[in-house]
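This briefing goes through a protein model topic by topic. Please look over the sequence and the structure before reading on.

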Amino acid sequence: MSTLPEVQALLGEPRFNWSDPAPWIGLERELGIEFPADFREIVNAYGSIEINNQLYLNHPAVHLLHDLGTMIRRDLELWRDEDMAEFLPSPAGAKPGELMPVATATTGEAVFLRVPDGPSSPWRVVVQEFDSPAWTLYEMTFSEWLLAYLKGRDVTLCSRNRAPDGPFYEPLP
């Protein structure tokens, strides 16, 4: 079940609407994973954006100043450092059970997709609070987690105080 229409109802019409799979194919080959369809669908619709002056999502198109591949490579290096690795429930990476960084927040949180243990296992979301050793596993898909965030529910990031008039986004250059 697609949640893009629900995201659009809360966030507004997307303006990016990317359809070329090439950037995803290249990044997925490099990382050795295939991102979940709901994540790809939302990022293809909106591109690289900042939501509620807080949450950053990036698209893999390399011509963008804020592209997903650059962010992931940088964050994997950060989270694989032994001083940082202890703050996650499992290693950062693309192997089953590892955590792939996919979004960041101005308030210091990092959003990860937990790589499924097997082909029939679902992707899950882990949010790490950068200013503390705390992290939370959400037993939901990325789109379910994003919808909860946009609705102002507490999913570690909370948008109510950042978007009192409702969710909004701005494209990143």
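A salt bridge is a side-chain nitrogen of Lys or Arg within 4 Å of a carboxyl oxygen of Asp or Glu. The structure is a predicted model, in which local features need pLDDT of at least 70 and side-chain atom pairs count only at pLDDT 80 or more, while totals for chains, interfaces and linings use all residues. Residues are numbered from 1 along each chain as its sequence is written, and side-chain values use heavy atoms, with hydrogens and water left out. Helices (H or I, at least four residues) and strands (E, at least two) are DSSP runs, numbered from the N terminus. Buried means under 20% relative accessible area, exposed means over 50%, and partly exposed lies in between (1.4 Å probe, protein chains only).

**Salt bridges**

- By the rule above, the count comes to 5 salt bridges.
- One of them joins the side chains of Arg 40 and Glu 28, with 3.0 Å from N to O.
- This pair links distant parts of the chain, as Arg 40 sits in helix α3 (residues 37-46) and Glu 28 in helix α2 (residues 22-31), 12 residues apart.
- Arg 40 and Glu 28 are both buried.
- Another salt bridge is formed by the side chains of Glu 30 and Arg 73, at 2.9 Å from N to O.
- Glu 30 lies in helix α2 and Arg 73 in helix α4, so this pair ties together parts that are 43 residues apart in sequence.
- Glu 30 is partly exposed, with a relative accessible area of 45%, and Arg 73 counts as partly exposed at 37%.
- The side chains of Asp 75 and Arg 74 also meet in a salt bridge, at 3.2 Å from N to O.
- Here Asp 75 is buried, with a relative accessible area of 6%, whereas Arg 74 is partly exposed, with 49%.

**Aromatic pairs**

- A pair of aromatic rings is described by the distance of the centres and the angle of the planes.
- Rings of Phe, Tyr and Trp (its six-membered ring) pair if their centres lie within 6.5 Å; planes under 30 degrees apart count as stacked, over 60 as edge-to-face and the rest as tilted.
- The structure holds 9 aromatic pairs.
- In one of them, the rings of Trp 79 and Phe 112 have centres 5.5 Å apart and planes at 75 degrees, so the pair is edge-to-face.
- Trp 79 belongs to helix α4 (residues 68-80) and Phe 112 to strand β4 (residues 109-114), so the pair ties together parts that are 33 residues apart in sequence.
- Trp 79 counts as buried at 2% relative accessibility, and Phe 112 is buried with a relative accessible area of 0%.
- The ring centres of Trp 145 and Tyr 149 are 6.1 Å apart and the planes are at 10 degrees, so this pair is stacked.
- Both Trp 145 and Tyr 149 lie in helix α6 (residues 142-150), 4 residues apart, which is about one turn of the helix.
- Trp 145 and Tyr 149 are both buried.
- Ring pairs link Trp 24, Phe 35, Phe 39, Phe 142, Trp 145 and Tyr 149 into a cluster.

**The sheet**

- Strands of a sheet pair through backbone hydrogen bonds, either parallel or antiparallel.
- Two strands are counted as paired if DSSP finds at least two bridges between them.
- An open sheet of 7 strands has the order β6-β5-β4-β3-β2-β1-β7, with antiparallel pairing.
- The edges are β6 (135-138) and β7 (169-171), each with a single partner strand, so one side of each is left without a neighbour in the sheet.
- Strand β4 is joined to strand β5 (residues 124-129) by 6 bridges, and the two run antiparallel.
- Ala 110 has Gln 128 in β5 as its bridge partner.
- Gln 128 also stands opposite Trp 135 in β6.
- β5 and β6 pair in the antiparallel sense over 4 bridges, and a hairpin joins β5 to β6 through 5 residues.

**His 59**

- His 59 is found in the loop between β2 (55-57) and α4.
- His 59 is buried, with a relative accessible area of 0%.
- Contact means heavy atoms within 4.5 Å.
- Not counting residues up to four places away in sequence, His 59 touches several residues, among them Phe 16, Trp 18, Trp 24, His 66 and Asp 67.
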